[in-house]
Amino acid sequence: MKRAYDEAYRRSIEDPAGYWGELAEAMAWTKRWDRVFDTSASPATHWFVGAETNTCWNAVDRHVEAGRGAQPAIVWESPITGASRIITFAELKKQVATFAGVLRKHNVVKGDRVLIYMSAVPEAIVAMLACARIGAIHSVVFGGFAAAEVAKRLDDATPRLVVATSCGIEPGRIIAYMPILEESFRLAGHEPEGVIVLQREQQTAELKAGRDHDWNEEMAAAKAVDWVPVAATDPLYILYTSGTTGKPKGVVRDNGGHMVAMHWSMKGVYDLDPGDVWWAASDIGWVVGHSYMVYAPLLHGNTTVMFEGKPVGTPDAGVFWRVIADHGVKALFTAPTAFRAIKKEDPKGEWIGKYDLSKFVTLFLAGERADPDTVQWAERMLDRPVVDHWWQTETGWAMAGNCLGLGRFPIKHGSPTKPVPGYAIEILGEDGKKLPDGTIGDVCVKLPLPPSGLATLWNNRQGFIDSYMADHPGYYKTGDAGYFDEDGYIYIMGRTDDLINVAGHRLSTGGMEEILSKHQDVAECAVIGVHDDLKGQVPVGFMVLKAGVNRPNEEIVKEVVQMVRDEIGAVASFRQATVVHRLPKTRSGKILRRTMRQLADGETFAMPPTIDDPAILEEIGTALKPLGYAKG
Ligand code: COA
Ligand code: AMP
């Protein structure tokens with residue numbers, strides 16, 4: 001069957017300038033581009049060079065001017081606090097313009113960085129858009145990160161201002177954000193000039209005179225300001241993501257290319273029309289939150305649902321269906337882990353039948369491998385297409401998917417379907433040669449990366465080249481391993497580096513190892529991601545103690561668990577570690593983490609020929625059994 005996809009994909013690869021140039025016409029620009037894309041700073045690709053625009057103007061003001069002012073822009077549902085709110089595009093414009101005035105009053109100018117550390121409230125979206133309005137660069141930090149992680153981002157982005165909520169709200173506990181920020185300022189040695197604090201009634205913060213300012217008071221006193229034109233290539237935001245070490249990578253996203261890709265994807269990938277209600281159940285601290293809670297739906301004139309709660313327990317496993325029914329949500333996008341949580345609580349889908357889901361058309365999954373069991377369960381329960389798609393912080397949108405706006409392909413479980421227009425995906429071997437169908441290798445994208453692809457890493461162009469572009473010249477290396485089948489469907493099998501995916505959150509085991517090594521009794525260590533039925537993966541640590549240490553192992557384990565919680569945050573879900581006499585290594589001293597993971601997951605594996613001493617694996621297996629692993 002012929003689909004619009006085939007022609008769109010062919011053209012996007014053969015004539016990227018023509019393809020994206022036409023799609024860019026849907027956006028408003030104050031100055032047209034000189035070139036659709038430019039590779040003179042190769043391996044970076046710059047899109048819409050010479051053009052000027054404003055992302056906030058396109059996402060907010062443009063819709064009010066076009067008569068969408070009364071349409072809800074944001075539906076906020078907070079089952080964890082029992083609150084909800086609807087904000088129209090006209091109201092959003094007012095709030096964003098006023099908060100832009102607050103930023104201006106605090107001397108934030110174009111190019112300045114603003115760090116946002118907020119729970120899931122609409123004001124977080126307002127703060128992001130207000131930065132975009134005046135050309136400031138926002139850097140949102142996920143609320144589950146501890147002070148040391150916030151400090152790394154402060155150090156690198158050196159924001160002039162911080163915008164925060166007084167607290168975050170998790171089931172059964174409230175997390176005061178100001179002490180975390182205070183500690184992060186101390187650790188970073190960079191204190192912003194000001195902190196704007198949105199006081200939440202669940203726990204207010206004490207404000208430090210001269211530095212901290214109350215959001216509401218500032219808003220009441222501020223004058224609304226208009227958007228300013230920025231270069232299409234100017235940064236819109238920096239979003240830090242886990243790399244292979246403890247130092248996060250600051251992915252830099254531009255304004256113009258990002259805007260065009262976001263806008264196109266709402267129809268092309270998700271098949272939504274302006275006015276439709278859309279829900280990405282994520283957090284603005286992650287790329288899914290940036291792209292699909294904020295920018296893409298608003299740029300496309302959709303209503304976006306912002307959800308402060310969990311798929312289960314706030315108050316029950318029916319909350320997703322209740323929100324979908326109440327607001328007529330047409331499509332939901334979440335991580336498979338959310339569905340595993342629902343399936344565990346409500347295996348027969350009894351909650352689903354209690355709500356009117358007649359407007360609900362499609363479920364989209366991404367963020368981690370969509371295991372066929374979960375996908376099939378969701379299909380059976382919902383009787384709707386369940387569409388997996390694959391992407392990363394670095395790209396900001398899907399690299400592979402079943403592009404519903406271009407004609408749906410039959411779904412093959414375990415595959416996110418086909419490359420999305422713009423992405424010339426190839427599977428390469430270690431020698432850089434293209435591998436035949438069915439053979440696993442490095443999943444790479446032939447340059448240029450399409451619009452929205454990272455322009456560089458903040459303050460670290462060399463890191464950008466080394467991490468992504470150096471291994472396979474002329475290609476962007478995704479860091480995932482995968483293969484194509486004979487029908488051109490792609491399969492993403494896991495990372496080729498030390499990143500793991502815990503409940504859809506991307507984390508660095510290397511970063512955790514750095515923390516464990518700091519413990520006074522630890523001589524060396526390894527952290528691996530092992531299979532978990534709910535979260536997909538969870539980290540497990542192995543420690544070899546220094547000679548002469550004779551404290552109980554349990555005490556040391558407890559301490560390192562706390563250290564990871566204190567330094568990375570609760571989100572790391574690091575709860576398990578064990579003491580061993582030695583770590584399995586190659587004869588050249590490389591720790592065999594992959595073999596350890598296979599052993600833990602009960603997979604059959606071939607003994608690595610370079611292993612120094614196979615007997616060590618037996619001890620690792622014995623240490624894993626009491627933790628519930630290595631059952632194979
Ligand atoms: N602020 C502070 N702490 C946070 C937080 C936040 N924004 N988000 C999570 N945490 C904490 C949790 O409270 C938990 O703390 P605990 O160790 O004291 O229990 C810890 O971080 C781990 O959180 P999480 O991995 O989310 O586990 P969970 O058991 O709380 O919930 C799920 C499990 C599956 C329900 C949950 O991960 C979920 O809803 N996932 C949906 C998918 C998603 O949002 N993915 C994001 C990328 S698309
Ligand atoms: P993040 O940058 O946090 O979005 O994490 C990106 C990583 O998550 C990818 O490199 C993959 O390893 C993994 N990932 C995201 N979506 C999928 C998917 N649909 N299938 C398999 N892995 C995925």
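Student: Okay, how far apart are the centres of domain 1 and domain 2?

Tutor: They're 35 Å apart, going by C-alpha atoms. Keep in mind that this is a predicted model.

Student: Which residues belong to which domain?

Tutor: The domain assignment puts 2-309, 389-424 and 450-470 in domain 1. Domain 2 is 503-627.

Student: And how many residues are in contact between domain 1 and domain 2?

Tutor: On the domain 1 side it's 17 residues, and they meet 14 residues of domain 2.

Student: What area do they bury between them?

Tutor: About 1,100 Å², with 47% of it on carbon and sulfur atoms. Looking at what domain 1 buries against domain 2, Ala146, Ser242 and Trp286 supply 35% of that area, more than any other three residues.

Student: How many salt bridges cross that interface?

Tutor: The rule finds one.

Student: What about polar contacts, how many residue pairs there?

Tutor: Nine residue pairs are in polar contact across the interface. As for the side of domain 1 that touches domain 2, its residues split into five nonpolar, nine polar and three charged.

Student: Which side chain does Arg506 meet in a salt bridge?

Tutor: That would be Glu394, at 2.8 Å from N to O. Arg506 also turns up at ligand 2: an N or O atom in the Arg506 side chain is 2.7 Å from an oxygen atom of that ligand.

Student: Switching to ligand 2 then. How many residues surround it, and which are closest?

Tutor: There are 15, and the closest are His389, Thr393, Asp480, Arg495 and Arg506.

Student: What sits by the nitrogen atoms of ligand 2?

Tutor: A polar backbone atom of Gly367 is 3.1 Å from a nitrogen atom of the ligand. Asp388 uses its side chain instead, with an N or O atom 2.8 Å from a ligand nitrogen. The protein buries 92% of the 500 Å² that ligand 2 exposes when taken alone.

Student: And ligand 1, which residues come nearest?

Tutor: Glu170, Arg173, Pro311, Arg565 and Arg575, out of 25 residues around ligand 1.

Student: How far is Arg575 from an oxygen atom of ligand 1?

Tutor: A polar atom of the Arg575 side chain lies 2.6 Å from a ligand oxygen. For Arg565, the distance from a side-chain N or O atom to an oxygen of ligand 1 is 2.8 Å. Lys310 also has a side-chain N or O atom 3.3 Å from a ligand 1 oxygen.

Student: How much of ligand 1 does the protein cover?

Tutor: On its own, ligand 1 has 940 Å² of accessible area, and the protein covers 83% of that.

Definitions and conventions
Residues are numbered from 1 along each chain as its sequence is written. Chains are lettered from A and ligands numbered from 1 in the order in which they are written. This is a predicted model: local features need pLDDT of at least 70, side-chain atom pairs count only at pLDDT 80 or more; totals for chains, interfaces and linings use all residues. Side-chain values use heavy atoms; hydrogens and water are left out. Domain bounds come from an automatic or database domain assignment. Contact means heavy atoms within 4.5 Å. Buried area is the accessible area (1.4 Å probe) that two parts lose on being put together, summed over both. A salt bridge is a side-chain nitrogen of Lys or Arg within 4 Å of a carboxyl oxygen of Asp or Glu. A polar contact is a pair of N or O atoms within 3.5 Å; within protein, one must be able to donate a hydrogen and the other to accept it, and residues adjacent in sequence count only if both atoms are side-chain atoms. Ala, Val, Leu, Ile, Met, Phe, Trp, Tyr, Cys and Pro count as nonpolar, Asp, Glu, Lys and Arg as charged, and the others, Gly among them, as polar. A residue is near a molecule or strand if one of its heavy atoms lies within 4 Å of it. Accessible areas come from the Shrake-Rupley method with a 1.4 Å probe; for residues, only the protein chains shown count as cover.
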